[in-house]
Amino acid sequence: MNQIWPSAMGDLRVVAFTAYAAGPMVARLLGQFGADVIKIESGSHIDPFRVLEPLPADDQGSGMGGFFTVLNPCNRSITLDLRHEQGVALIKELVSLSDVVVENFRPGVLERFGLGPSELFQVKPDLVVLRMPAMAMSPGWEDVELLGNNLSAMSGLSAISGDPDRMPVDPGVALSDYTYSPLQAMTALLAALHHRHLTGQGQIIEVAQLETACAALGTALLEAAVFGHGPERRGNRSRFTAPQGVYRCQDDNGEEQWCAITVATGEHWRSLCGVMGQPRWADDPRFASSSARLQREDEIDTCIERWTQGQNRQSVVESLQHAGIPAGPVQSPADLLERDPQLQARGYFTELPDNRGSRSLYENPAMHLSATPGASRKPAPVLGQDNDYVFSDLLGKSEDMVNSYIVSEVIG
Amino acid sequence: MGTPSHDGFTGKRSLSDLRAIEMGGPAAEYCGKLLAGLGAEVIKVEPPGGEATRFENPFYPTMTPPDASLPFWYRNTRKQSVILNLHSNSGRIAMDHLVRCSDIVIEAFRPGYLDDLGLGYAALARSHPTIVYVSVTPFGQSGPRSKWESSDLVTLAASGVLFLGGWPDRAPCSVDPSQASVVGGMAAAAGCLLALYHRDRSGRGQHVDISTQEALAASLEAAIQEVHMRQRTRRRSGWAYPRSQLRRIFPCRDGHVLCVVTPVRWPVVTQWLRDEGCDSLDNIDPGTIAEDPFRLKENNVPAMQAFEKAMESLLANKTKTDILHEAQRRGLWFSPIHTPHEILEHPYMKDRNFFEETNHPEVGTTIRYAGPPFRMSETPWAPSSRAPLLGEHQSTILHGLICP
């Protein structure tokens, strides 16, 4: 891109020991807002997301799988072997020129490389270290490794989600890894940088992801503290107003189409009755209040679906929105990418050229800053693509020095 | 690292030098809660009668609104409350004075509402160019759907998250919809502090416009990339996951556990079963039962049933905690499904001092709240205090800040 964008974080350098989703999502946000993010990889221990499907149809060995690319724009990549003393020394040199270290290893891994916070503070006393383990080191809970789905299960999110007559459901996506942990980590990191701006002091931030997920469910936990049990699962329904749910519309090209509708007020209810051509229900005492409608929600849902299933989703949504009722499509990934006018208007998606002569798809941040906008302006890196820049330019190593590192497999 | 104590800490917290004004619903409230936890002074500006969220169920037994709502209590810890009628001239003037001595405004009103009152970003920035003004809404400030009537469920549906959750034989169903506002609030806090970073260096504020739909859409994993790269769509599949993992819930002695098995770890599972005297899976090729919603007809049903039967007997008599520890020992991602009640009593959560006993004098007791989403070694999370009563700080704020 030729355009120069005013950048929020152009003065910040970040060393990122990040893989999978939670750490890279933080690194992505920092890079999107202009920070110089250097991802530490290794030829023998690459980010597993590089090789996870979906892989580009024309180059399955490229190490540029879809999970990896979407999570790693605006990152540089260098390859170093941290089992080598010289590799660790090079990291320390890099850290001495940096402001932040981000890592989502299991607890203790950084220390085993000789790169624990106390070693890092020796080379950069005002460093901010952001650590994102699944669970913190606590007696009996050392060294626990968990996936995002495990976090949904252990945090209580699954127990309060899904239909009441079935077992708890997985949210379908690892919400904890992709949103709770990275957004909370970003907030804590920026608060720490503000503190550093005022006082010159760095610190260690720990985002123990299980606790982060539990804090997102704080309302359910408060209910459990007061009533002795958390909220019951209600699927898509509300516990206190009715109707609310997901209703089937006409299929489109053989694909299921669903819409979501919320009636939260008496006015919504009366408008819905009008739109559905059932004006008498608006005055029917059987449906006159939220609690009355809650008692009859099965009956009401059946009537609503009888109305929606004969129509296409778009006309259902348009007529409900026109009547002031909260309603919208249950959008598929293809809907978001190809026919969501809101995301198009907001510029949520962007395509960037990749190293194979085609274009990969990226996302832009949900936070739109008026003066210093963030965006995915540089594609995800090929493995080790920035070795030259970091070792020769940034760290000023001679060509002979760099060659010796390559030969001894410190770099690679 | 040791758990930093947040009792008796006398230093500055990271945002102690900042004051934020907060208005509007759950997403603004959750954002304000995070800033207050980080040490900012957060003042809720509420309409006469109180913010609508004060009437959100469920209520504390024996208490009635406007000071009884549990969701309101959770989202509004550590804040102050002042009532201003923004539709009146005197209210708007008071607001202007308040903004003058604040750093941040957070609002979750429908786009245009505050502009119409002369309190939108453009108007306030003219006289307060350093203000960081955060607006969080379902779809953002601009675009054809920005003025849509929405709800948490409608926002979740638009984001793509809802489509991917639930059982194939039922309507899509994902997380409890109230998580939509929580995610919007988290994105708002991060966006606010991004703008603050810039302000620290430039002296200038700006408008931070958060779309909750976009914040949720960031969690679609690679579902969009599947469409873009391979023209195929991931579909809801209960607990199953395309191709690379087996995921199942199984009952155990004290509830349920989630078991995630990748093809590489299959031998670990069969070894565990053999260690307990079961060899029924020894001749099964895991590749034939790795579920793949893209190619369902290749599922090997008898093998899947053998897997489920073996796992059920392995796990039936063990407790959730024993399963977790044994699985971790062997390198498997098996974890308990906890209810909120179990989390309140969990030994790990207690060892970590995760909970905050928050005093509620009006109720006559302390109540246990979830605690910090993160720990900071030098600037710990501020001690908890209960959500403000409606207008609780009216005179201190009116006489202290607005008309000193």
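Is Thr62(B) buried or exposed? In this predicted model, local features need pLDDT of at least 70 and side-chain atom pairs count only at pLDDT 80 or more, whereas totals for chains, interfaces and linings use all residues. Residues are numbered from 1 along each chain as its sequence is written, chains are lettered from A and ligands numbered from 1 in the order in which they are written, and side-chain values use heavy atoms, with hydrogens and water left out. Thr62(B) turns out to be exposed, with a relative accessible area of 80%; here buried means under 20% relative accessible area, exposed over 50%, and partly exposed in between, for a 1.4 Å probe and protein chains only.

The backbone at Thr62(B) deserves a look as well. Its phi is near 75°, a positive value in a residue other than glycine, and Thr62(B) sits in the loop between S2 and H2 of chain B. Helices (H or I, at least four residues) and strands (E, at least two) are DSSP runs, numbered from the N terminus. As background, most residues other than glycine have a negative phi, and most peptide bonds are trans.

The Glu53(A) to Pro54(A) peptide bond is cis, with omega near 5°, and Pro54(A) belongs to the loop between strand S2 (36-41) and helix H2 (66-71) of chain A. A positive phi, near 65°, is found at Glu409(A), in the segment after helix H17 (399-407) of chain A. Glu409(A) counts as exposed, at 57% relative accessibility.

Chain B has 16 helices and twelve strands, its C-alpha atoms fill a box of roughly 80 × 50 × 45 Å along the principal axes, and 61% of its 404 residues count as buried. Among contacts (heavy atoms within 4.5 Å) in chain B between residues at least 6 apart in sequence, 67% join residues at least 24 apart.

One helix pair in chain A can be followed residue by residue. Helix H6 (residues 148-155) and helix H8 (residues 209-216) of chain A pack at an angle of about 50°, with their axes 9 Å apart. That makes H6(A) oblique to H8(A). The contact is made by Leu151(A), Met154(A) and Ser155(A) of H6(A), together with Gln209(A), Leu210(A), Ala213(A) and Cys214(A) of H8(A). For these values, axes are lines fitted to C-alpha atoms, for helices over the stretch in contact, and angles run from 0 to 180 degrees between N-to-C directions. Angles under 35 degrees count as roughly parallel, over 145 as roughly antiparallel, 65 to 115 as roughly perpendicular and the rest as oblique.

Finally, the cysteines: there are zero disulfides over all chains, a disulfide being a pair of cysteine sulfur atoms within 2.5 Å. The sulfur of Cys259(A) is 3.8 Å from the closest cysteine sulfur, in Cys249(A), too far for a bond. Cys259(A) is buried, with a relative accessible area of 1%.
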